[in-house]
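Reader: I am new to this structure and would like to be walked through it. Could we begin with the terms and then look at individual parts?
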Amino acid sequence: MRAPRFTSTTLLAAGSLLLLAATPKGPLSAPQDPAEVRRELTLLLNQERQLAGVPPLAPSSPLQQVAQERAEEIQSQGALPDEAEAMGLFAKVQAKLKMAGYAAHGWTESLTTAPNGLAAAVSAWKREDPTFAQAMDIDYRHAGVGVARLGGHPLYVLLFAWPRSEYFARETTGLADLEAVRRDMLQRVNAIRQGTGLKPLELDPRLNTAAQIHAADMLARSYYNHSSPEGTTPAQRVKEAGFVADMVAENIAAGHTSVADALEAWMHSAGHRRNLLDPRLTHLGVGMALGSYDHRYRVLWVQCFARQQVNWP
C-alpha cells in the first residue's frame, strides 16, 4: 500500500493478516530451534522472490522482536486471531514497530501453523492464497519471524516491511542536484510571472545562500518559521548574505517532494501567491533541505525574494 505521493511525512502502513492454516489436529510436532526456523523461512521466501525477480528480504532485529511478541501473544490466547481482531491489528502492530525502533512506511503480517513443515507451508501459500503476492512485493525489504506453539504445533508469525527512509529517498531522487532544482524553480516561477505580464526574476547566488541557510537551519533544529529561534528575519539573512535590498519577501513550505508540488502549494495560498506575483520584486533565491526532521523525514523549501536597492546620486 502506498502513501499519498505529495505527503511524504504521512505514515501509511498496510496491515494484512494471512491465515495459512487452521489450528491443526493430530500428532504433536516436535519443538524447533527458532534461529533455524528463521533462517529456513527467510531462505525459502528469498528463493521465491528470486524467481519473481525482486530483491531478497533482509532479516531485521526490530521486526523479529515485534513478530516474536505477536507469536507469543497468540500462543497465550490459544487461538489465531478472528476476523474482528484482525481488523484492530493495524494500530497495535504499528505501535509495536515504533517502540522497536522501526519507522515503517508499509508492512504486512502473515501467520501460519505449519505442521507439515516450512517448505510445505510456503508451497501451499503460493499455490492457494492470493496474498502470497504481498510477500513478493518489490517494496518490502526487511523481514522478521516470530516462533511459538499453538495447539501443540509450530506457530510462525511473518512480518514484512519497508522503511520510511527508503520511501523518502525514492520520492526525493529528483532533488539530488540542488542547482538543477534552483533552475527548475526559476523557470517555473518566471513562466507563471510572464503569463500574467510580469517581468521575470533573476536568480541571485547571495539570495540562494540566504534561502539555503534558512532551509538547512529549520531542518537541523526542527522548527518551521520565517524567523529563526533567535529572531533572525528574512531581511537580516539577505543582508548577511551581502545582498543590499530595499524590499524582501519569503515563502517557505514543507513536505513536498518536487519543485512542481511546492510551487503549486504556494500558488494556492493567497500570501505566497502575492509574493510570487509581486511586480516590485526583481531577484530570487531558492533553498531546499531534506532529511530527518523531528523524528520524521521532511523536505523544507525556501524562496527568498528581494528588490535590489538603487543608490541614487
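Author: Helices (H or I, at least four residues) and strands (E, at least two) are DSSP runs, numbered from the N terminus. Asn-251, for instance, is found in strand S7, residues 245-254.

Reader: What kind of model is this?
Author: This is a predicted model, in which local features need pLDDT of at least 70 and side-chain atom pairs count only at pLDDT 80 or more, while totals for chains, interfaces and linings use all residues. Residues are numbered from 1 along each chain as its sequence is written, and side-chain values use heavy atoms, with hydrogens and water left out.

Reader: How many helices and strands does the chain have?
Author: The chain has 12 helices and nine strands.

Reader: And what share of the residues count as buried?
Author: Of the 313 residues of the chain, 47% count as buried. Buried means under 20% relative accessible area, exposed means over 50%, and partly exposed lies in between (1.4 Å probe, protein chains only).

Reader: What is the accessible surface of the chain?
Author: The accessible surface comes to about 15200 Å², and 56% of that belongs to carbon and sulfur atoms. Such areas come from the Shrake-Rupley method with a 1.4 Å probe; for residues, only the protein chains shown count as cover.

Reader: How far apart in sequence are the residues that contacts join?
Author: Among contacts between residues at least 6 apart in sequence, 75% join residues at least 24 apart. Contact means heavy atoms within 4.5 Å.

Reader: Back to Asn-251, then. Buried or exposed?
Author: Asn-251 is buried, because its relative accessible area is 0%.

Reader: Which residues does Asn-251 touch?
Author: Leaving out residues up to four places away in sequence, Asn-251 touches His-226, Trp-266, His-272, Asn-275, Leu-276, Trp-301, Val-302, Gln-303 and Phe-305. The side chain of Asn-251 also reaches the backbone oxygen of His-272 at 3.3 Å.

Reader: What about Glu-250?
Author: Glu-250 has its place in strand S7 as well. Glu-250 is buried, with a relative accessible area of 8%.

Reader: Which side chain does the side chain of Glu-250 make a polar contact with?
Author: The partner is the side chain of Arg-237, at 2.9 Å. A polar contact is a pair of N or O atoms within 3.5 Å; within protein, one must be able to donate a hydrogen and the other to accept it, and residues adjacent in sequence count only if both atoms are side-chain atoms.

Reader: Let us change topic. Where is Glu-109 found?
Author: Glu-109 is found in strand S3, residues 104-113. Glu-109 counts as buried because its relative accessibility is 2%. A polar contact of 2.8 Å joins the side chains of Glu-109 and Arg-70.

Reader: Which residues of H2 meet H4?
Author: Arg-70 is one of the H2 residues that meet H4, and the others are Pro-62, Leu-63, Gln-65, Val-66, Glu-69 and Glu-73. Their counterparts in H4 are Leu-89, Lys-92, Val-93, Lys-96, Leu-97 and Ala-100.

Reader: At what angle do H2 and H4 pack?
Author: Helix H2 (residues 61-77) and helix H4 (residues 89-100) pack at an angle of about 135°, with their axes 9 Å apart. H2 is therefore oblique to H4. Axes are lines fitted to C-alpha atoms, for helices over the stretch in contact, and angles run from 0 to 180 degrees between N-to-C directions. Angles under 35 degrees count as roughly parallel, over 145 as roughly antiparallel, 65 to 115 as roughly perpendicular and the rest as oblique.

Reader: And in which sense does H2 pass H4?
Author: H2 passes H4 in a right-handed crossing. A crossing is left-handed if the near helix is turned anticlockwise from the far one by less than a right angle, and right-handed if clockwise.

Reader: What about helices H8 and H11?
Author: Helix H8 (residues 178-195) and helix H11 (residues 259-267) pack at an angle of about 40°, with their axes 10 Å apart. The residues making this contact include Val-181 and Met-185 of H8 and Leu-263 and Trp-266 of H11. Trp-266 is also among the residues that Asn-251 touches.

Reader: One last place. Where does Ser-222 lie?
Author: Ser-222 lies in the loop between helix H9 (205-221) and helix H10 (234-240). Phi of Ser-222 is near 55°, a positive value in a residue other than glycine. Ser-222 is partly exposed, with a relative accessible area of 33%.
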